[in-house]
Amino acid sequence: MKHIAVLGLGKVGTLAAELLHASGFSVTGIDLTTPKADLPFTVKPLDLADAAAMAREFEVQDAVLSCLPYHLNTKVAETAHAAGIHYFDLTEDVPTTNRIIELSKTSKGLMAPQCGLAPGFIGIVGASLIEQFDDCRSCKMRVGALPQHPTGLMGYSFNWSPEGVVNEYLNDCEVIEEGARKMVSAMEWFEDIYIDGIKLEAFTTSGGLGTMCETYLGRVANMDYKTMRYPGHGKLMNFFFHELLMRERRQEAGEILVNAKPPVNDDIVYVHAAAEGMVDGHLRREEFVRGYKPIDLAGKSRTAIAWTTAGSVVAVIEMVRDGKLPAQGFLKQEDIPLEAFLSTPTGALYNG
């Protein structure tokens, strides 16, 4: 794998392309318009609605990384499958992933969705904790991408795709509860979490577990994923979506929220994973807790959400290139060894 196309040159896509270039890949960045910034890789303007043009581009690539909104990924994955090349994305959307799983059954390359932060890195961490136990009774995974200096009752800034946030706040969530795999409502199961003395709330959101419930059913009795926010956020979002019925107007809801709480540069990504179970006949608890802040990377300051998301998928792509992961079929995040991930040039960023 040498030649890779990166679709969507927003903050995450551009950084991923830069990191891939620095890692030795021949990168082609593709977007509707050519970015004004001077970039170290080739950039092509392309309307992905033109299926024939996308197919022609994929013929000269070994792999494609989609950093597009989730609803565009199915078509990209199908085109990559037809071209026989590797496919990677960052999606948290369950129907999109289910379609990619079907494609992977006949794929010539590797189909690897959900390679971002959650799903993605949090699943790699959660799986590493589970493997430390003889008998794991629970694994709880939480991620929060937040402003460092919150203002207002919402205490939030939309540094991530508004479409993705609305999607995960409204779609049902898969969990394992008392050994049973089930679906529960989003923005429920509230709990308090403290990290470095800062109080956060956590509640269920969709898609963060990826394929883990299927993988660990019968092995882990309780498993769930929640998003972390500053206290009070979940109550306001429930009011906005359900009492004001904005759940019926998803696109407009995203526009309203971004207009009210635009992105900030000083953000922080909290990662909190904890597992409990038996080791040598004794009950134990293992935790992985980090707070990732903006860093200078590839010559620029990068927001925490940008580098933790882009870095995760780039590390996975590096592992595939280097033969540390399969080159065909479907890749589950929980099958990626954490130690090997952290030993890649890009994955090493998560050691801090």
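This is a predicted model: local features need pLDDT of at least 70, side-chain atom pairs count only at pLDDT 80 or more; totals for chains, interfaces and linings use all residues.
Local features require pLDDT of at least 70 and side-chain atom pairs pLDDT 80 or more, while totals for chains, interfaces and linings use all residues. Residues are numbered from 1 along each chain as its sequence is written, and side-chain values use heavy atoms, without hydrogens and water.

The open sheet has 7 strands in the order 3-2-1-4-5-6-17, with parallel pairing (strands are DSSP runs of E, at least two residues, and helices are runs of H or I, at least four residues, numbered from the N terminus; two strands pair if DSSP finds at least two bridges between them). Strand 3 (42-45) and strand 17 (329-330) are at the edges with a single partner strand each, so one side of each has no neighbour in the sheet. Strand 4 (residues 63-66) and strand 5 (residues 86-89) run parallel and are joined by 4 bridges; valine 64 has tyrosine 87 of strand 5 as its bridge partner.

The whole structure contains 2 cavities of 30 Å³ or more (a cavity is a set of points on a 1 Å grid over the protein atoms alone where a 1.4 Å probe fits but cannot get out, and lining residues have an atom within 4 Å of a point; a volume is the space filled by probe spheres set on the points, which are joined across faces, edges and corners). The largest cavity holds about 240 Å³ of space. Its lining comprises 18 residues, with Leu117, Ala118, Trp160, Glu168 and Ile305 nearest the centre. The second largest cavity has a volume of about 40 Å³, and its lining residues include Gln114, Pro119 and Lys332.

Notes
On a 1 Å grid over the protein atoms alone, a cavity is a set of points where a 1.4 Å probe fits but cannot get out, and a pocket is an open set with protein on both sides within 12 Å along at least five of seven lines; lining residues have an atom within 4 Å of a point.
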